[in-house]
Amino acid sequence: MNIETLAVHSGLAVDSSTGAVTPPIHLSTTFERDPDGNYSKGFLYTRIENPNRSALETAMAELEGGEAAAAFSSGMAGAAAVFTALTPGDHVLAPTDVYHGTAQLLGYQMTRWGLDIEFIHMGDLDAVRAKMRPDTRLVWTETPSNPLLKVTDLSAVAALAGAVGAVSVCDSTWATPVLQRPLLLGYDLVVHASTKYLGGHGDVQGGLVVAAKAEGFFERVRDIQANGGSVPSPFDSWLVRRGIRTLPLRMRAHCAGAAAVADFLNGHANVSAVHYPGLPHHPGHEIAARQMSGFGGMVSFQVNGGADAAMSVAASATLFTRATSLGGTESLIEHRASMEGEGTTTPDDLLRLSIGLEHPDDLIADLEGALGASS
Ligand SMILES: *Cc1c(COP(=O)(O)O)cnc(C)c1O
């Protein structure tokens, strides 16, 4: 079935006990045993499995073309489950421009856990090949990346990782399964912050790990989910599953809005660079066009006049809200370098936009005013 149909129906059914069309929220933490001691309905205790979480996991496995998925209480909880499924001493490759929170997790907790982590430029396949070792156990990628929207060739990296038996993982938060399906390009795992587009309304935190194969490495992730207990509540699971119902429609609108905004910025006299994979001059445009069905809702750009000018543009915008995060219905503007703080490699004249679902003409008018005020 097509992704629009899966988004509406996967993992869901009319409730057999009441006829409820919209799924009920199952708050019960425990489930009755059969007289013979079994759990024939499949549920025992809510940390281990919950009907709302199962509906979400089934849907995400189907949307990504995988066999199984595990839902977590945040994107970072999902990432932490993947990294702690490794054994101390294991060699890990990760991108230099990995999401800030993942960089923190790797730099602090996972180094203490004993992982041997190397940060490399994932866009450079020769560098990836050169750094791959026989004992490399995991390769982490993120595409499009944050905040410069760099694009990694997923098929190529999956092949390089597969050649040494390393687990390939893609943080596909920015693309969602509507625009990109790494498992179908050879990846082992996909990680999502469902806090972003999957939830889609800025009102729920969550994460997902989706696996091409239910057996093997993913079983460890599943054990960490059950034993570590960083699981989403039934209501949070329900909210993310509800968000997914409209995901394909929302992504189309996010992409159209971002393309219009990127085109506008690209021609503006006060803008020195625009980073959007849909623009033909973007260095990752060709690969993105091959592996994605749309270029996404995130745009970043650099303003003439440095950090002060960038701050002034953000301060002058009225429709865009100055806030971090992405993937909601409302558009956000962020001075990313000050969010990432000391040691960041993000240019200090860069602003990151999460394009929401407002009319693109209104967003462009707001940016036009803000950029005019900055000059
Ligand atoms: C937000 C985000 C995360 C982390 O998700 P949380 O729910 O905030 O823990 C991970 N990766 C990317 C690309 C993100 O944008």
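Two strands are said to pair if DSSP finds at least two bridges between them. The legends below apply this term to close-up views of a predicted model.

**View 1. Strand S8 pairs with strand S9 in the antiparallel sense.** Strand S8 covers residues 271-275, and four bridges join S8 to S9. Val-271 has Val-303 of S9 as its bridge partner.

**View 2. Strand S9 is mostly covered.** S9 spans residues 298-303, and six of its six residues are buried. Cover is found on both faces of the strand. One side carries Met-298, Ser-300 and Gln-302, the other carries Val-299, Phe-301 and Val-303, and all of these residues are buried.

**View 3. Strand S12 pairs with S9 and with strand S11.** S12 comprises residues 350-354 and pairs with S9 in the antiparallel sense over five bridges. Within this pair, Val-299 stands opposite Leu-353 of S12. S11, residues 332-335, also pairs with S12 in the antiparallel sense, here over four bridges. Leu-332 stands opposite Ser-354 of S12.

**View 4. Five strands form an open sheet.** The strand order is S8-S9-S12-S11-S10, and the pairing is mixed.

**View 5. A shell of 14 residues surrounds the ligand.** The closest residues are Gly-75, Met-76, Asp-171, Thr-195 and Lys-196. By residue class, the shell divides into five nonpolar, six polar and three charged residues.

View 6. On its own the ligand has 380 Å² of accessible area, of which the protein covers 92%.

**View 7. The largest nonpolar core contains 48 residues.** Met-60, Val-139 and Ile-244 have the most contacts inside this core. Elements that give two or more residues to the core include helix H1 (3-9), helix H2 (51-64), strand S1 (68-72), helix H6 (154-163), strand S7 (207-211) and helix H10 (247-266). H6 provides the largest share, five residues. In soluble globular proteins, nonpolar side chains tend to be buried together.

Terms used
Residues numbered from 1 in each chain as written. Predicted model: local features only at pLDDT ≥ 70, side-chain atom pairs only at ≥ 80, totals over all residues. Heavy atoms only, no water. Near = heavy atom within 4 Å. Areas by Shrake-Rupley, 256 points an atom, 1.4 Å probe, with all protein chains shown as cover. Nonpolar A, V, L, I, M, F, W, Y, C, P; charged D, E, K, R; others polar. Buried < 20%, exposed > 50% of the residue type's maximum accessible area, 1.4 Å probe, protein only. Core = buried A, V, L, I, M, F, W, Y, C linked by side-chain atoms within 4.5 Å.
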